Amino acid sequence: MDPEVDEIIRVLLHKMGESNKFIQEEASRSLGIMVASVTPVRTMAALMASGTQHCNALVRKFAAEQLLSVVELIGAEKLLSGRLQNLNLLVHTLVKFAQDNHQDTR
């Protein structure tokens, strides 16, 4: 499933932003299961690419929550020992989420 992570995350986040409560809950559940069972680094990259730029505050909030769970899963030691470019992108994304207009995203 790793090769399709980017597209699946993009579609599930899009469905969360435009659908009714039932579909939002199922998309949230599906994304949570996927985050737990796919390579964490690929999931983190896909969430950073799709979640920060979305116009819907609910989608940004959920992307921030999922990104937090992935970062906790990877661990600080492994994140800090990784490539500098990935670390810079992660810090930039976290700052963007911290400065978001929506309180729940922050």
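**Close-up A: the neighbours of glutamine 66 in this predicted model.** Leaving aside residues up to four places away in sequence, glutamine 66 touches Leu31, Gly32, Val35 and Leu47 (contact here means heavy atoms within 4.5 Å). Glutamine 66 sits in helix α4, residues 57-74; helices are DSSP runs of H or I with at least four residues, numbered from the N terminus. With a relative accessibility of 11%, glutamine 66 counts as buried (buried is under 20% relative accessible area, exposed over 50%, partly exposed in between, using a 1.4 Å probe and protein chains only).

**Close-up B: helix α1 against helix α2.** The axes of α1 (residues 5-18) and α2 (residues 21-37) come within 8 Å and cross at roughly 155°, which makes the two helices roughly antiparallel (the label for angles over 145 degrees). Axes are lines fitted to C-alpha atoms over the stretch in contact, with angles from 0 to 180 degrees between N-to-C directions. On the α1 side, the contact is made by Val5, Ile8, Ile9, Leu12, Leu13, Lys15 and Met16; α2 brings Ile23, Gln24, Ala27, Ser28, Ser30, Leu31 and Met34.

**Close-up C: arginine 29 on helix α2.** Arginine 29 comes out as partly exposed, at 49% relative accessibility.

**Notes for all views.** Residue numbers start from 1 along each chain as its sequence is written, and side-chain values use heavy atoms, with hydrogens and water left out. The model being predicted, local features need pLDDT of at least 70 and side-chain atom pairs count only at pLDDT 80 or more, while totals for chains, interfaces and linings use all residues.

Definitions and conventions. Parallel < 35°, antiparallel > 145°, perpendicular 65-115°, else oblique.
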